[in-house]
Amino acid sequence: GGSKGTDDVLAQLKDHWQTARLSSSADDDENYFDRFVLALDPNPTNALGMQKQQEPHTHHGPGGDRTPLTTMTDRRRVYGAWKSLILQYKMEWPLELLLPDDIIASYNKLFQFLTLVLRIKNHLQGLCKWYSMIGRKLDQLETNKSYKASIPAVRTRFKQFVFLRQKMAHFVESLAMYLQVDVLEQAWGLLLKNVTEAEDFTAAKNSHQQYIQSLIKNCFLDCNITCGSLEELFMQCIQLVNLSNQHLGTGDIDLSEPTKLIQQLRVVDTRDVDRLANEFGRRLYFFFQVLSNKKHLPVINGLVLRLDYNRVMPTT
């Protein structure tokens, strides 16, 4: 039987999995999704390649994640938990000739990576909605003479969360767009063309192997430096979600009581947000520099342009 943590992870994905089934383009194969089983690796590893440990007890906040993860070890545990998700495929001969174990392993690496990117993107979008509710309430209170003098100082503290979320969302959404448009769609179109033109099974198999290799490469899963940099950036996004849940969560911020709301925002400790913003900026700069050294490659140059389309990247 699975642990509560395992059940929570699978439950969070259940609706998304059903949505994927409904929106799938596999219309000519009614049993396509029935061949897949969403499971957890019986021998999971975290981002450091170490055996996953049990997660600490936490509760849910407005970002949909858990709160608070105060240490790098805890953040790596959550990251590792999602990286343990795998897809098991029920194959019938002769598909096993096209999908040997190493190819299935590569597909699972891609599945784990892309699932994590979308999860973080959704959590940052959830924060945006909650931040917007708080911001609108502060706008309303600023028109009230009883609270007007208190709002500027409170808003300054609150904006530190808002600005950092915006920077993280720009990074994650740019990455997600790159993965979808520049990597997945381009590679899929090329695969279909090559398989259609293949003269025999060997040629089709080679085209498929090249397809997988290109996806692994362009998702940065074959480079320890780039992949490690992404992992750190992802964990910092998760940390903002948890800091927001800790300081601005539904159990801490009451929008219905203006006086209590202002008092609560006044005591929010923004030092952790300041440190996180500095660390995120430093690591994003490093990741951007790594990409810049590869921008002679058209697919990588697309991501570089997305990240810095309006010169928002730090220069030092």
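1. Q236 is found in helix 7. With a relative accessibility of 4%, Q236 falls under the 20% cut-off and therefore counts as buried. Setting aside neighbours within four places in sequence, Q236 is in contact with M168, L276, E279, F280 and R283. The model discussed here is a predicted one.

2. Overall make-up. The secondary structure of the protein consists of 10 helices and four strands. Read from the N terminus, the order of elements is α-β-β-β-α-β-α-α-α-α-α-α-α-α. The protein has 316 residues, of which 43% count as buried. Among contacts with a separation of 6 or more, 77% are between residues 24 or more positions apart.

3. Helix 7 against helix 9. Helix 7 covers residues 224-248 and helix 9 covers residues 271-292; their axes come within 10 Å and cross at roughly 155°. Angles over 145 degrees count as roughly antiparallel, so helix 7 is roughly antiparallel to helix 9. The crossing of these two helices is left-handed. On the helix 7 side, the contact is made by I225, T226, S229, L230, E232, L233, Q236, C237, Q239, L240 and L243. On the helix 9 side, the residues are D272, V273, L276, E279, F280, R283, L284, F286, F287 and V290. Sorted by class, this contact has 13 nonpolar, four polar and four charged residues. Q236, the buried residue of point 1, is part of this contact.

4. Helix 9 against helix 10. The axes of helix 9 and helix 10 come within 9 Å, with a crossing angle of roughly 140°. This crossing, too, is left-handed. Helix 9 contributes F287, F288, L291 and S292 to the contact, and helix 10 contributes I300, L303, V304 and L307. The classes here are seven nonpolar, one polar and no charged residues. F287 of helix 9 is listed in the contact with helix 7 and in the contact with helix 10.

5. The nonpolar core. The largest nonpolar core holds 66 residues, and F171, L175 and L248 touch the most other members. Elements giving two or more residues to this core are helix 4, helix 5 (151-197), helix 6 (201-218), helix 7, helix 8 (258-266), helix 9 and helix 10 (298-307). Helix 5 supplies the largest share, 16 residues. As a general matter, nonpolar side chains tend to be buried together in soluble globular proteins.

6. Contacts of F171. Leaving aside neighbours within four places in sequence, F171 is in contact with L230, L233, F234, F280, L284, F287 and L307.

7. K137. This lysine lies in helix 4 (residues 101-142). Its relative accessible area is 19%; buried means under 20%, so K137 is classed as buried. Apart from neighbours within four places in sequence, K137 is in contact with L255 and L261.

8. G302. The place of G302 is in helix 10. G302 has 17% relative accessibility and therefore counts as buried under the 20% cut-off. G302 and M177 are 125 residues apart in sequence, and their C-alpha atoms are 9.9 Å apart in space.

Notes
Residues numbered from 1 in each chain as written. Predicted model: local features only at pLDDT ≥ 70, side-chain atom pairs only at ≥ 80, totals over all residues. Heavy atoms only, no water. Axes fitted to C-alpha atoms, helices over the stretch in contact; angles between N-to-C directions. Parallel < 35°, antiparallel > 145°, perpendicular 65-115°, else oblique. Left-handed = near helix turned anticlockwise from the far one by under 90°. Contact = heavy atoms within 4.5 Å. Nonpolar A, V, L, I, M, F, W, Y, C, P; charged D, E, K, R; others polar. Buried < 20%, exposed > 50% of the residue type's maximum accessible area, 1.4 Å probe, protein only. Core = buried A, V, L, I, M, F, W, Y, C linked by side-chain atoms within 4.5 Å.
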